[in-house]
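Please walk through the model below with a viewer open. Each stop says what to select and what is there.

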Amino acid sequence: MPETIDTLFTNALVLTMDRDLTQYLPGAVAVKGDSIVAVGYEDEIKKGYSARESIDCSGKVLMPGLINAHTHVPMTLLRGLADDLRLDVWLMGYMMPVEREFVSPEFVRLGTLLACAEQIRSGITTFNDMYYFEEDVAKAAAEAGMRAVCGQTVMKFAAPDAASYEDSLAMARDFIQRWKDHPLIVPAVSPHAPYTCTAEILRATAELAKEFDVPLHTHLAETAFEVDNMRNENGMPVIPYVKKQGLLDAKLIAAHCVHVDVGEIRSLQHAGAGVAHNPSSNLKLASGFAPVMKMLETGLNVGIGTDGPASNNDLDMFEEVRLAAFIAKAMTNDPTSLPAPRALLMATRLGAQALHLGHLTGSVETGKRADLILVDVSPIHNSPSFKRGADNAYAQIVYAGKSTDVSDVMVNGKWLMRAHQLLTLKEDELLAQAAQIAKKIDAFLIEREQSVLSKLIALGGSLEQESFEVQVKVKITEAVPIIQALKRPEVEVIRQRHYREHDVYFFFDDPSQGRLRYREDDFIDDIKDIITNVRSRLTLIGRKREGAFENEVLLSRSRYIAPASQSLRFYREYFKPKSEIAIEKDRLRWLINYKNTEFFINLDEVTEPQLGYFLEIKSRTWSRTDAEHKAQLVSELLALLGASEGETVTDDYIDIVSAS
Ligand SMILES: [Zn+2]
């Protein structure tokens, strides 16, 4: 008496992707409930089962659904928003500001549903995600019927879904508790990357992942820049550093690992970590070439991921598998590297193992969940078919297959696509909603790009508007008499500093935008003659002067100041100035008390270009009466320091330089 099952696939070329890479032709697969109950040659399987539904797979390959080992699915809504930029400008200059403004549970839900539609169409049955409001990603993925590892992002910055890392960690804990027994969703925690987290955050996420035995999904060693910084700041490369924070004790899924050495690969393998290789993203962002062959030789579970659709820009695993094979060949200068069966293995069973889901999915084997796809290998771009060798079938899928050749998709025993028709999602509605959001994001960026100030604000961080200053600047010939005069009893020196200042001014087409100054202050310890500290700041200086007093004492311009957490190169690429001028000076700076009022005295030697010595006296002010009073004191101080005869300069150094 044959066993009754739900679905019987017959007349297929079955690529099981099991340990022996077994193929069956004509093959059959029996599905009951959510699982595969039998795989084998058609005539044998047919005898044992009677099915409610029989599928004739003539001309098609039946194989495990593809595993997208690393992505950020809601970013479908940011696809094509900003391209051809460096990683930092792309991330800090565009993605994060737009995300801060737009990302909400509704945004995440829509983006995920769009991504699920695209992924199902291209034969993906499982994806490993990292984003904000991850519980909404989980809900949408489950609704679409896909299997997913959903990692709630945790990082040191305020995020769209959390004001602090403690908040996002609490969200992750809640989410994991609620979803840990779901049939399709595996909840996870995702510290974004070592450079966006503190050591404390990394340790806390590792503890959380271990407590609930869930995966920890993060970005590691993506760029050489990241590794250089890690070496400079912590004296070690990325993998030993995260090992120190306990990440290797968790079920780690490490995206990228482009810049890792053999020792680091071994540590990852020892820890049973999974790696997600992202060929398109690494190529597009010029991150480098991951040592995939070395990883595979070491026995590491390496899957393939699309990365987010804003850095790829699609969720097409057929393209990724092909690129993975091509890159490995080009990198090793050896066309036998990463042959088609092994490349496809990375996108299926190895990928599932990398996500710590090897027991559930990734191959067509009895007992595993029924995550299956049918791929038509008869279209014009993939004909004819050769049957001579076992590898012919893999080559057909990897080198000539297209995502549009996927005709049918089943996840957990349930149909998600039949004959190219999506069954769980309404594409037309999703597309219309996506178009609406794109319109709003466009308007937001157009508005922001109109002014340097709004671009500065969009970067986030602690932007402050400096209070008004009373100031005077005088050209002097010698520094020593001023230094001597500061020892007079009327002047009380509160503190003295010595800096080397490197300024770069950005100029824009529209002069009313003001100019942006990037300043690096090197603090110098004169006794030890060393640089003790370096501080970088960005200052937006307007063109407008607020007022003038006697003796050319000025009320200074409005300024916006922000700590410069990025490199000069970052700001150059982000603000795109029309021109730049660099100025260097040696600055002795005193904070003094004169007649119960504090003043800053700057004694500058402008060395690049050589403009000579200048004396500046400044004091912050907040009212007209106060400003008048201080202007009077500034005049007195000028006389006291013997500089009242000097030529006053009403311009900034930059104006002197640009005028000459
Ligand atoms: Zn990523």
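Buried here means under 20% relative accessible area, exposed over 50%, and partly exposed in between, using a 1.4 Å probe and protein chains only. Helices (H or I, at least four residues) and strands (E, at least two) are DSSP runs, numbered from the N terminus. The model is predicted: local features need pLDDT of at least 70, side-chain atom pairs count only at pLDDT 80 or more, and totals for chains, interfaces and linings use all residues. Residues are numbered from 1 along each chain as its sequence is written, and side-chain values use heavy atoms, with hydrogens and water left out.

**Whole chain**

Of the 660 residues, 57% are buried. Contact means heavy atoms within 4.5 Å. Among contacts between residues at least 6 apart in sequence, 71% join residues at least 24 apart.

**Helix α15**

Select residues 391-400, which form helix α15. Its buried residues are Ala-393, Tyr-394, Gln-396, Ile-397 and Val-398. They pack against β1 (3-15), β2 (23-32), β5 (60-64), α12 (317-332), α13 (340-346) and β14 (372-376).

**Zinc site**

Which protein atoms are the donors of the zinc ion? Select His-70 (NE2), His-72 (NE2), His-219 (NE2) and Asp-307 (OD), which lie 2.1 to 2.4 Å from the ion. Donors are N, O and S atoms within 2.8 Å of the metal (3.2 Å for Na, K and Ca); water is not among the atoms, so sites may look incomplete. The sequence spacing of the donor residues is H-x1-H-x146-H-x87-D. His-72, in the loop between β6 (66-71) and α2 (87-102), and Asp-307, in the loop between β13 (301-304) and α12, are 235 residues apart and link distant parts of the chain. His-72 is buried at 8% relative accessible area, and Asp-307 is buried at 4%.

The four donor atoms subtend angles of 88 to 173° around the zinc ion, so the arrangement is irregular. Four donors count as tetrahedral if all angles lie between 85 and 135 degrees; four count as square planar and six as octahedral if opposite donors are over 155 degrees apart and all others between 65 and 115; anything else is irregular.

**Largest pocket**

Next select Asp-88, Met-92, Tyr-195, Ser-565 and Gln-566, the closest to the centre of the largest pocket among its 49 lining residues. A pocket is an open set of points on a 1 Å grid over the protein atoms alone, where a 1.4 Å probe fits, with protein on both sides within 12 Å along at least five of seven lines; lining residues have an atom within 4 Å of a point. The volume of the largest pocket is about 1200 Å³; grid points are joined across faces, edges and corners, and a volume is the space filled by probe spheres set on the points. The elements giving two or more residues to this lining are α2, α7 (224-234), β25 (559-563) and α19 (568-575).

**Ile-483**

Finish at Ile-483 in helix α18 (480-485). Ile-483 is partly exposed, with a relative accessible area of 27%. Not counting residues up to four places away in sequence, Ile-483 touches Leu-588, Trp-590 and Leu-603. The C-alpha atoms of Ile-483 and Leu-588 are 9.4 Å apart, with the two residues 105 apart along the chain.
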